[in-house]
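The sequence and the structure are shown first.

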Amino acid sequence: MKKSIVFDFDGTLCDSFLLLDVSLETVLNKNRDVKFSEEQIKSCFGPNELGIIKKLVGEEAAPKLFYDYLIEYNRHHNHYIKNFYPGVRNLLEKLKDEYDLFIITGRNIESLFISLSKLDGFKYFKYCYGGDITGAIKNKLFIKLSNDFKIPLSEMIYIGDSVKDYYQCTDVGVKCISACYINKENI
């Protein structure tokens, strides 16, 4: 059986945070009397994008705004995300023949699929799991992946970029490796 490597997306495979922020701010503040600050929006992070929108505008308005968010995300994608981080595509090319590669992310699967489509990234991953409107559930997604593909949790390696990723992994016995990218311009 091939070993499995599971990747986070945001901050691990590419720098997508600014695109997420701009797209959320645009739809949340469009045609509104009261504007949400960047801090108000970021204070709702944890759930996927639909969950963030629901927290801020309520259950009724959220589906339409989420649809608008996906349009904004798609429209601005190529401006904010031109490629994976340097070296990531070469790494994925090398790993895909020897390992089963997956994505487990806290974001909505719809926005992930927009990014993977624009980055020609689907070819690397066997399957992708997205987040939930309630908050961080990566530990549950590891169990789902394990059950769906009959892969023991102890045979998975997760590559993420946050302390939360580490705790979600150790909660279910998945090994975790942390990625950290340094902006050369800030050195």
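## A strand covered on both faces

In this predicted model, strand β1, which spans residues 4-7, is covered on both of its faces, with Ser4 and Val6 buried on one side and Ile5 and Phe7 buried on the other. In a regular strand, the side chains alternate between the two faces of the sheet.

## Partners of β1

Strand β1 is joined by four bridges to strand β2, made of residues 100-104, and the two strands run parallel. Within this pairing, Phe7 has Ile103 of β2 as its bridge partner.

Four bridges also join β1 to strand β4, residues 156-160, and here too the strands run parallel. Ile5, for its part, has Ile157 of β4 as its bridge partner.

## Packing of α4 and α6

Helix α4, residues 62-80, packs with helix α6, residues 109-118, at an angle of about 20 degrees, and the axes of the two helices lie 10 Å apart. Because angles under 35 degrees count as roughly parallel, α4 is roughly parallel to α6. The crossing of these two helices, α4 and α6, is right-handed.

On the α4 side, the contact is made by Phe66, Tyr69, Leu70, Tyr73, Asn74, His77 and Asn78, while α6 contributes Glu110, Ser111, Ile114, Ser115 and Lys118. By residue class, the contact of α4 with α6 comprises five nonpolar, five polar and two charged residues.

Terms used
Residues numbered from 1 in each chain as written. Predicted model: local features only at pLDDT ≥ 70, side-chain atom pairs only at ≥ 80, totals over all residues. Heavy atoms only, no water. Axes fitted to C-alpha atoms, helices over the stretch in contact; angles between N-to-C directions. Parallel < 35°, antiparallel > 145°, perpendicular 65-115°, else oblique. Left-handed = near helix turned anticlockwise from the far one by under 90°. Contact = heavy atoms within 4.5 Å. Nonpolar A, V, L, I, M, F, W, Y, C, P; charged D, E, K, R; others polar. Buried < 20%, exposed > 50% of the residue type's maximum accessible area, 1.4 Å probe, protein only. Pairing = 2+ DSSP bridges.
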